[in-house]
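Biologist: Let us go through this model in questions and answers. Where shall we begin?

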Amino acid sequence: MILGSVECIYVPLFKEIKEIINTENKYFEYWILKEIKVLLKLIGEYNDSLLKVVSIEYEPNKFAKFTMEYGVADLSIFSEYRREEGLYWTEKELRKLFYQLYSQMKTLRQRRIFHRDIKPHNIIVFCGDKIVKITDYSHAEILNGTSDVAEVTACGTRAFWTPQMEKAYDSST
């Protein structure tokens, strides 16, 4: 990939990035199985924009290990680092970043997967700052049947909720 006069050759590095050990959490199985179901649907997906998952190890009620692409940092940490260095996102860089995220969201939507927790901490930066990928599918839902709309539920990080999620939460309390 060539951007201006800087060449960026992206070679995926894989690392066991997520190990979750059950600490007597009664919801452990529910959340882990949800994430595994989504990741299994993405394994082998031929789409360079999606995070690559190489393996999943799982022992019921004990642990889950995910081996997937390993990036530089999440977008929140990377943006803070840039700010500290006096580097600010240009419109061109942001356009490229948002296009990559749009492409990934479009692919997920085509697979009927709704992430439901998009935020800077769940976006991994690769290859300097040239590639970004969505991660953490623990709140994701896979739509079944012919419905085109995921049920509006209050999940994910509240600071990043949509107005619809806020309204659903407020009316249920």
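Modeller: With a definition: strands are DSSP runs of E with at least two residues, numbered from the N terminus. One more point is that this is a predicted model.

Biologist: In which loop is H115 found?

Modeller: H115 is buried, with a relative accessible area of 1%. Its place in the chain is the loop between β7 and β8.

Biologist: Which backbone oxygen lies 2.7 Å from a polar atom of the H115 side chain?

Modeller: H115 touches N122, I134, T135, D136, Y137, H139 and A140, leaving aside residues up to four places away in sequence. For T135, the backbone oxygen is 2.9 Å from a polar atom of the H115 side chain. The 2.7 Å distance belongs to the backbone oxygen of D136.

Biologist: How many residues apart in sequence are the parts that E69 and K133 tie together?

Modeller: The side chains of E69 and K133 form a salt bridge, 3.0 Å from N to O. E69 lies in strand β5 (residues 63-69) and K133 in strand β9 (residues 131-134), so the pair ties together parts separated in sequence by 64 residues.

Biologist: Are E69 and K133 buried or exposed?

Modeller: The cut-off for buried is under 20% relative accessible area. E69 and K133 are each classed as buried.

Biologist: Which strand holds E141, the salt-bridge partner of R116?

Modeller: The closest N and O atoms of R116 and E141 are 3.4 Å apart. R116 lies in the loop between β7 (113-114) and β8 (123-126), so its pairing with E141 ties together parts that are 25 residues apart in sequence. The strand of E141 is β10 (residues 141-142).

Biologist: What is the distance between the closest N and O atoms of K119 and D117?

Modeller: K119 and D117 are both buried. They form a salt bridge, and the closest N and O atoms are apart by 3.9 Å.

Biologist: How many salt bridges does the structure hold?

Modeller: Among them are the pairs E69 with K133, R116 with E141 and K119 with D117. The total for the structure is seven.

Biologist: What is the area of the nonpolar surface patch made by Y27, Y30 and W31?

Modeller: Y30 sits in helix α1 (residues 28-42). Y30 counts as partly exposed because its relative accessibility is 47%. With Y27 and W31, Y30 makes a nonpolar surface patch of about 330 Å².

How values were computed: Residues numbered from 1 in each chain as written. Predicted model: local features only at pLDDT ≥ 70, side-chain atom pairs only at ≥ 80, totals over all residues. Heavy atoms only, no water. Patch = residues over 30% accessible without salt bridge, like charges linked within 9 Å, V, L, I, M, F, W, Y side chains within 5 Å. Areas by Shrake-Rupley, 256 points an atom, 1.4 Å probe, with all protein chains shown as cover. Salt bridge = Lys/Arg side-chain N within 4 Å of Asp/Glu carboxyl O. Helix = DSSP H or I, 4+ residues; strand = E, 2+ residues; numbered from the N terminus. Buried < 20%, exposed > 50% of the residue type's maximum accessible area, 1.4 Å probe, protein only. Polar contact = N/O pair within 3.5 Å; in protein donor to acceptor, adjacent residues only side chain to side chain. Contact = heavy atoms within 4.5 Å.
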